[in-house]
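Welcome! Keep the sequence and the 3D view side by side as you read.

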Amino acid sequence: MATKAYSDGKSDAKPRQTDAKARVTLPREFADSLVVVERIDEFEVRVRKVVAIPEREAWLWKNSKALGAVMFGLDQAKEGDLVEGPDVAADLAAFGDED
């Protein structure tokens, strides 16, 4: 089968032959990536790169108020809008008098 590149208006596409187990080689940009293969219909699938979020951290992405607060804090930090940290030496000295 002759292969000829064509464009669908969004990206360059090239016919690829599946093997006997229905596997196909993706473009190099997908190497070492986590992907989701979504069946659109019986003739089409969509392959998308994804990022996995650990289950114990997923709550943040589901809680828009908490996520907004974290993003606001990160923006403040980028702008250098920081506060003084605790005086650890003074705190330790206060506990040093106990025997």
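Searching the whole structure for salt bridges turns up 3 of them. Keep in mind that this is a predicted model.

**The salt bridges**

- Glu38 and Arg46 meet through their side chains, with 3.2 Å from N to O.
- Glu38 also forms a salt bridge with Arg48, where the closest N and O atoms are 4.0 Å apart. This pair links distant parts of the chain, because Arg48 sits in strand E4 and Glu38 in strand E3, 10 residues apart.

- Glu38 has a relative accessible area of 29%, so it counts as partly exposed.
- Arg46 is partly exposed as well, at 39% relative accessibility.
- Arg48 has a relative accessible area of 41% and is therefore partly exposed; the partly exposed class runs between the buried limit of 20% and the exposed limit of 50%.
- Asp19, at 33% relative accessibility, is partly exposed.

- Strand E3 covers residues 34–41 and strand E4 covers residues 44–50, and the two pair in the antiparallel sense over 7 bridges.
- E3 and E4 form a hairpin, with 2 residues between them.
- You can find one of the bridges by looking for Asp41, whose bridge partner in E4 is Glu44.
- In a regular strand, side chains alternate between the two faces of the sheet.

**Around the rings**

- How many aromatic pairs does a search of the whole structure find? The search finds 0.
- A ring can have another kind of neighbour: Lys49 lies over the face of Phe30, at 5.5 Å from the ring centre.

**Helix H2 from end to end**

- Asn63 caps the N-terminal end of H2, with a side-chain oxygen 3.2 Å from the backbone nitrogen of Lys65.
- Helix H2 has 15 residues (residues 64–78), so at 1.5 Å a residue it should span 21 Å. Its end C-alpha atoms are 21 Å apart, which agrees with that expectation.
- After H2 comes Gly80, and its phi is positive, near 80 degrees.

How values were computed. Residues numbered from 1 in each chain as written. Predicted model: local features only at pLDDT ≥ 70, side-chain atom pairs only at ≥ 80, totals over all residues. Heavy atoms only, no water. Helix = DSSP H or I, 4+ residues; strand = E, 2+ residues; numbered from the N terminus. Expected span 1.5 Å × (residues − 1). Polar contact = N/O pair within 3.5 Å; in protein donor to acceptor, adjacent residues only side chain to side chain. Pairing = 2+ DSSP bridges. Phe/Tyr/Trp six-rings, centres within 6.5 Å; stacked < 30°, edge-to-face > 60°. Lys NZ or Arg CZ within 6 Å of the ring centre and 35° of its normal. Buried < 20%, exposed > 50% of the residue type's maximum accessible area, 1.4 Å probe, protein only.
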